[in-house]
Amino acid sequence: MCSSTLDAPAVERLIAAAVAAPSLHNTQPWRFRLDTDTPAVHIHAAADRALRHTDPVGRAVHLSVGCAILNLRVAAAHFGWEPVTRLLPCPDRPTLLATVRLAESVRGAPSTGLYEVLWRRHSSRFPFSGRPLPSGLLAELAQAARLEGAVLRFPGRDDTERVLRATREAEGCNRADADRAAESRRLVSGPHSLGLSSAAVSTQDALDRMPMRDFGAHRHPEVLPARAFETHPTLALLSTAHDRRADWLRAGQALEHVLLLATRSGVRASLLHQAMEWPDLRRVLDGLSADGPRLNTQMVIRLGYGPEGPSSPRRPVDEVVEAEV
């Protein structure tokens with residue numbers, strides 16, 4: 001279904017796939033500009049949708065845009081283009097995070113099956129069953145991260161406890177920080193196109209073991225509904241060798257690749273990002289690298305079997321596409 005021009009139906013399909021990507025607090029911090037002559041899609045950071053207190057350096061914005069880049073690549077390949085991605089193509093334009101050129105591809109390229117699950121991938125903040133994931137699937141997820149220039153590792157029981165402890169401490173810090181708490185509350189109670197719907201906000205762990213984010217930033221979380229979560233969670237640490245802007249974008253692509261593969265296999269996921277938001281706690285997770293050099297942790301992923309999470313609102317395509325460059 002390859003086309004040498006980027007017509008309106010093609011734009012609709014590609015951008016709709018891109019905006020289905022996850023983003024921190026569902027801020028959807030991206031804008032797309034089209035070049036129909038090349039053809040190419042230019043992806044910009046939307047500064048007005050950044051979280052000034054929670055994400056002051058913009059690392060989470062880059063991860064979110066990386067997820068959108070991966071979705072755009074998957075959709076382009078599905079419809080017959082060969083996506084050629086260039087990260088940070090113009091140093092003098094810092095908001096331009098990536099360009100995806102749509103080259104003609106060879107007919108009959110095998111399908112990855114990922115396009116079909118773009119629309120089924122939702123964060124599930126519900127309790128999981130505790131049933132272990134197959135070792136073959138864990139290896140496939142790790143390989144997907146490697147293909148995108150990242151490392152996915154699964155900590156043992158002791159290190160899992162350290163991850164949970166750091167995440168729990170970070171969650172407490174977020175609740176106690178007035179600016180971050182106000183920012184989080186705004187994303188739950190804000191307009192429909194921004195943040196999370198009430199249905200997507202999770203319950204808390206009745207045993208206070210799994211530190212699920214309290215988007216309402218209650219100072220007394222015991223007032224929130226609670227259920228028993230899995231006793232031995234499967235966590236994955238997504239890391240990169242370096243910690244530059246391009247690494248954040250690669251980590252975002254790796255994250256979404258992992259999430260789509262998990263969804264295709266019937267595995268749910270939620271993201272434990274709290275410790276990433278406090279440099280000292282993030283360094284604790286960096287120190288959990290297995291053999292080899294110290295890595296830079298970009299995300300903690302919780303994986304398991306359980307109910308599908310509800311969808312969060314998405315911005316319409318015409319709201320995120322700017323005029324042709």
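**Strands, helices and rings**

Mentor: Let's start with β1 (residues 30–35) and β2 (residues 40–45): they run antiparallel, and six bridges join them. Helices here are DSSP runs of H or I with at least four residues, strands are E runs of at least two, and both are numbered from the N terminus.

Trainee: Which residue in β2 is the bridge partner of Trp30?
Mentor: Ala45.

Trainee: Before I go on, where does the model come from, and how are residues numbered?
Mentor: It's a predicted model, where local features need pLDDT of at least 70 and side-chain atom pairs count only at pLDDT 80 or more, while totals for chains, interfaces and linings use all residues. Residues are numbered from 1 along each chain as its sequence is written, and side-chain values use heavy atoms, with hydrogens and water left out.

Trainee: Back to the strands. What is the order in the open sheet?
Mentor: β3-β4-β2-β1-β11, five strands with mixed pairing. Its edge strands, each pairing on one side only, are β3 (81–87) and β11 (321–322). To pair, two strands need at least two DSSP bridges between them.

Trainee: Which strands does α2 lie across?
Mentor: β1, β2, β3 and β4 (96–104), and α2 runs at about 160° to β3. Helix α6 (residues 245–264) packs on the sheet too, touching β3 and β4, with its direction at about 145° to that of β3. Those axes are lines fitted to C-alpha atoms, for helices over the stretch in contact (heavy atoms within 4.5 Å). The angles run from 0 to 180 degrees between N-to-C directions.

Trainee: Where does Pro39 lie?
Mentor: In the loop between β1 and β2. The peptide bond from Thr38 to Pro39 is cis, with omega near -15°.

Trainee: And what is phi of His25?
Mentor: Near 60°, a positive value in a residue other than glycine. His25 sits in the loop between α1 (8–19) and β1. Asp208 has a positive phi as well, near 55°, and lies in the loop between β6 (204–205) and β7 (226–227).

Trainee: Buried or exposed, then, for His25?
Mentor: His25 is buried, with a relative accessible area of 5%, whereas Asp208 is exposed at 55%. Buried means under 20% relative accessible area, exposed over 50%, and partly exposed in between (1.4 Å probe, protein chains only).

Trainee: Switching topic: how many aromatic pairs?
Mentor: Two. The rule takes rings of Phe, Tyr and Trp (its six-membered ring) with centres within 6.5 Å; planes under 30 degrees apart are stacked, over 60 edge-to-face, and the rest tilted. Phe79 and Tyr115 are edge-to-face, 5.2 Å centre to centre with 80° between the planes. Phe79 is in the loop between α2 and β3 and Tyr115 in the loop between β4 and α3 (135–147), so the pair ties together parts that are 36 residues apart in sequence.

Trainee: What about Tyr115 and Trp119?
Mentor: Edge-to-face again, at 5.8 Å centre to centre and 90° between the planes. Ring pairs link Phe79, Tyr115 and Trp119 into a cluster. Phe79 is buried at 9% relative accessibility, Tyr115 is buried at 14%, and Trp119 is partly exposed at 38%.

Trainee: Last one: which residues of α7 are buried?
Mentor: Leu281, Arg282, Leu285 and Asp286, in a helix spanning residues 279–286. What covers them includes α2 (59–78), β5 (151–153), α4 (157–176) and β10 (296–304).
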